[in-house]
Number of protein chains: 2
Amino acid sequence: MILKSQVEWALHCCAILSSLPEGRFLSTKALAELHGLPKEYLSKALQSLSHAGLVHTTLGPSGGYRLARPPEQLTFLDVVEAVEGEGPTFVCQNIRANNPCRPQGYCESTPCAIARTMWQADEAWRTALRKVTFAELAKTLEQEVSPQIWAGTFEWVLKRAG
Amino acid sequence: MILKSQVEWALHCCAILSSLPEGRFLSTKALAELHGLPKEYLSKALQSLSHAGLVHTTLGPSGGYRLARPPEQLTFLDVVEAVEGEGPTFVCQNIRANNPCRPQGYCESTPCAIARTMWQADEAWRTALRKVTFAELAKTLEQEVSPQIWAGTFEWVLKRAG
DNA sequence: ATATTACGGATATTGGATATCCCTATTTGG
DNA sequence: CCAAATAGGGATATCCAATATCCGTAATAT
Ligand code: SF4
Ligand code: SF4
């Protein structure tokens, strides 16, 4: 059970977009170059973000993406779910229904304890991701990333942002 | 990102084995019949449990599986990790290394904040699963499952347990 | 007008999950 | 001792989602 690599891509892109000045846009091409990713395929991940309403887009030269909300209101969970979907990791096949000891046509009323436990774990995972916003991430990155790279990247991005 | 169905199978099998009287064994064949699963493939899941040391096995007629520890000491996490593996759900491809603004040969010292956040969420998921033992599951199931089915299944299992 | 962009459909390619088959060593029960 | 039953493991086939590429369309800035 491994998340798609698009999740990492989308998280990185949102991290970059978080530090983009108000009102400016960054294109798929720039984001792909910056991260060394296939442009056409990264585009699909960005479209997922767009479809989820997390980013706004503009067409034409100097077009691209910007965050739809301030980074304080964008969480890791938003991005992960936009790309990976909102479904549970544990999908119950209801195999208890195959129990030969069950009376024919018997129908359980409640989801069983096994599934509930797995879903609670899913919820704990989601809760952890919901707690971290991109504002906090930006703060952490600014402390941890080498100032030289930080400034260089910022300049690189600004030069390409429409 | 969806868990393999083998996870559900293994959880169900351990639930059954939890209520098996001390010293007796239940075969793959019986477990497959009880849950309506392909015997040969279920066998792979049970082998994972065996390889992880969660169950003991015996060969020959009347052979099969029993829990290696009391249900109080067997957690959901044990079973899930035995089948699904212990790796993180978020695999970092280190795409920050592709940043064209980085000096050549530059090497980050610490895993980045994005990966750490994702791994923390993984840990929250694991913690939730580690909290639930099969002793607690048995207690819940006994309360929730219809007494008729519960008794019938118990009898069905005992008849086939070696 | 032209170049650039997001978007979406179509289409490979790949790898892991699913599933089956068969052989071997071991143990039980007769 | 013998025959049946069992776990274990290797080989193989199938299926499907993730990965990746390509191209056409509409919109937009210069
Ligand atoms: S017991 Fe729970 S996990 Fe298993 S089939 Fe039923 S609902 Fe699904
Ligand atoms: S920034 Fe973090 S998640 Fe992204 S490539 Fe680097 S270590 Fe991996």
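1. **Ground rules.** This is a predicted model, in which local features need pLDDT of at least 70, side-chain atom pairs count only at pLDDT 80 or more, and totals for chains, interfaces and linings use all residues. Residues are numbered from 1 along each chain as its sequence is written, chains are lettered from A and ligands numbered from 1 in the order in which they are written, and side-chain values use heavy atoms, with hydrogens and water left out.

2. **The interface of chains A and B.** Start with contact, meaning heavy atoms within 4.5 Å. By that rule, 55 residues of chain B touch 55 residues of chain A. The buried area between chain B and chain A is about 4700 Å². Buried area is the accessible area (1.4 Å probe) that two parts lose on being put together, summed over both. Carbon and sulfur atoms give 72% of it.

3. A salt bridge is a side-chain nitrogen of Lys or Arg within 4 Å of a carboxyl oxygen of Asp or Glu. E144(A) and R116(B) form a salt bridge through their side chains, at 2.7 Å from N to O. The interface of chain B and chain A also holds 14 residue pairs in polar contact, both residues at pLDDT 80 or more. A polar contact is a pair of N or O atoms within 3.5 Å; within protein, one must be able to donate a hydrogen and the other to accept it, and residues adjacent in sequence count only if both atoms are side-chain atoms.

4. **What chain B brings.** On the side of chain B that touches chain A, α5(B) gives the most, with 11 residues. Helices (H or I, at least four residues) and strands (E, at least two) are DSSP runs, numbered from the N terminus. By class, this side of chain B has 32 nonpolar, 14 polar and 9 charged residues. Ala, Val, Leu, Ile, Met, Phe, Trp, Tyr, Cys and Pro count as nonpolar, Asp, Glu, Lys and Arg as charged, and the others, Gly among them, as polar.

5. **The ligands.** Ligand 1 lies between chains A and B. The residues around ligand 1 include C92(A), R96(A), C112(A), E8(B) and H12(B). Near means that a heavy atom of the residue lies within 4 Å of the molecule or strand. Ligand 2 also lies between chains A and B. Among the residues around ligand 2 are E8(A), H12(A), C92(B), R96(B) and C112(B). The shell around ligand 2 has 6 nonpolar, 2 polar and 2 charged residues.

6. Strands β1 (residues 55–58) and β2 (residues 64–67) of chain A run antiparallel, joined by 4 bridges. Two strands pair if DSSP finds at least two bridges between them. V55(A) has L67(A) as its bridge partner in β2(A). The hairpin has 5 residues between β1(A) and β2(A), and G60(A) in the turn has a positive phi of about 80 degrees.

7. **DNA strand D.** Of the atoms of DNA strand D that come within 4 Å of the protein, sugar and phosphate account for 58%. An N or O atom in the side chain of S50(B) is 2.8 Å from a phosphate oxygen of DNA strand D. The surface near DNA strand D has 8 nonpolar, 12 polar and 5 charged residues.
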